[in-house]
Amino acid sequence: MPLLSTEAIVLHVFDYSETSRILRLATRDAGVVSALARGARRAKSRFGSALDLFAQGTAQLYLKEGRELQTMSAFDVTHARPALGTDLGRFASASALVELVQRFGMGDASEELFAVLTDALDGIVSAAPDAASEAGLAAAWRLVAHLGFSPALTICSVCHTELALDGDVAFSHRAGGSLCQTCAALYARDRTLPAAARASIVAWSNGRRTSALTARDARAHQRLLREFLHEHLADGRALRALDAWEHGGWSAP
């Protein structure tokens, strides 16, 4: 069984038996991996507090092809990110991103997506509490862009006519994004997307930040993101972290 040493981020942790834990890891070299950490629940575990949610470090994994649950022998933390667990806004934003990665983002190894996730979590850590939603939205749309599912924003999603960025447009999840006036009269639309909101998504998808959002604008953007993901990626399955992020349904971490 080959041993892989790879940089990893802890996405999810749950107890397994009286002494062990199972982790969901985003790794730089093996994509998303489920791994068993034997003895992690013991008082004198060699893992210590290394397995906290959102922690990043070097994981030692014994990989076996075809096995869903791998074995982890060590995890050396380089970046713990405790700030994500002390502020509700940051925790909600980070949890929504982690859900995206677990569900859609890293079935195969992808150094680029791993780098996007690393930058995203660090961006939420450094954001002021009232800017955590904007940082999370920026990171989420950037992840969607790397997945290849970005909505059409600067051209009509049906006829590909260029759209002026300074105007409001019709938006259709099913059609894949913005619609020109002609196509909007022919295709069902879900909403009107204001020019400022469209410009923000364009910026976020390209890794740029914008000015802070009001609480109302943040919820509108969260709803748009959730609806778009449900249409194109979720296959009818609930996105619980995204739903809670939008509606504020979190208990303290």
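The model is predicted, so to speak of local features we need pLDDT of at least 70, side-chain atom pairs count only at pLDDT 80 or more, and totals for chains, interfaces and linings use all residues. Residues are numbered from 1 along each chain as its sequence is written, and side-chain values use heavy atoms, with hydrogens and water left out.

**The barrel**

- Five strands make a closed barrel in the order β1-β2-β3-β5-β4, with mixed pairing; strands here are DSSP runs of E with at least two residues, helices are runs of H or I with at least four, and both are numbered from the N terminus.
- On average, neighbouring strands of this sheet are turned by 50° against each other, direction ignored; axes are lines fitted to C-alpha atoms, for helices over the stretch in contact, and angles run from 0 to 180 degrees between N-to-C directions.
- Strands of a sheet pair through backbone hydrogen bonds, either parallel or antiparallel.
- Two strands count as paired if DSSP finds at least two bridges between them.
- Strand β1 (residues 3-16) runs antiparallel to β4 (residues 56-62), joined by seven bridges, and antiparallel to β2 (residues 20-27) over eight bridges.
- Look at Ala8: Gly57 in β4 stands opposite Ala8, and Thr27 is the bridge partner of Ala8 in β2.
- β1 and β2 form a hairpin with three residues between them, and Ser17 in the turn has a positive phi of about 65°.
- β4 is also joined to β5 (residues 69-79) by seven antiparallel bridges, with Ala59 opposite Phe75.

**Helix α2**

- Helix α2 (residues 111-126) has 16 residues, which should span 22 Å at 1.5 Å a residue, and its end C-alpha atoms are 23 Å apart, which agrees. The expected span is 1.5 Å times one less than the number of residues.
- α2 lies across β1, β2, β4 and β5, at about 55° to β1.
- Its buried residues include Leu113, Phe114, Val116 and Ile124; buried means under 20% relative accessible area, exposed over 50%, and partly exposed in between (1.4 Å probe, protein chains only).

**The nonpolar cores**

- A nonpolar core is a set of buried Ala, Val, Leu, Ile, Met, Phe, Trp, Tyr and Cys residues joined through side-chain atoms within 4.5 Å.
- The largest one has 57 residues, and among those touching the most other members are Leu11, Leu97 and Trp141. Helix α1 (residues 88-105) supplies the largest share of this core, nine residues.
- Setting aside neighbours within four places in sequence, Leu97 is in contact with Ala120, Ile124, Gly136, Ala139, Ala140 and Leu143; contact means heavy atoms within 4.5 Å.
- There's a second, separate core of 14 residues, and Val10 and Leu23 are among them.

**Aromatic pairs**

- Rings of Phe, Tyr and Trp (its six-membered ring) pair if their centres lie within 6.5 Å; planes under 30 degrees apart count as stacked, over 60 as edge-to-face, and the rest as tilted.
- That rule gives three aromatic pairs. Phe54 and Phe91 are edge-to-face, 6.0 Å centre to centre with 70° between the planes.
- Phe54 sits in the loop between β3 (31-37) and β4 and Phe91 in α1, so the pair ties together parts 37 residues apart in sequence. Phe54 and Phe91 are both buried.
- Phe171 and Phe228 have ring centres 6.5 Å apart and planes at 55°, so this pair is tilted.
- Phe171 is in strand β6 (residues 169-172) and Phe228 in helix α6 (residues 215-232), 57 residues apart.
- Phe171 is buried, with a relative accessible area of 0%, and Phe228 is buried too, at 2%.
- Trp141, Phe171 and Phe228 form one aromatic cluster.
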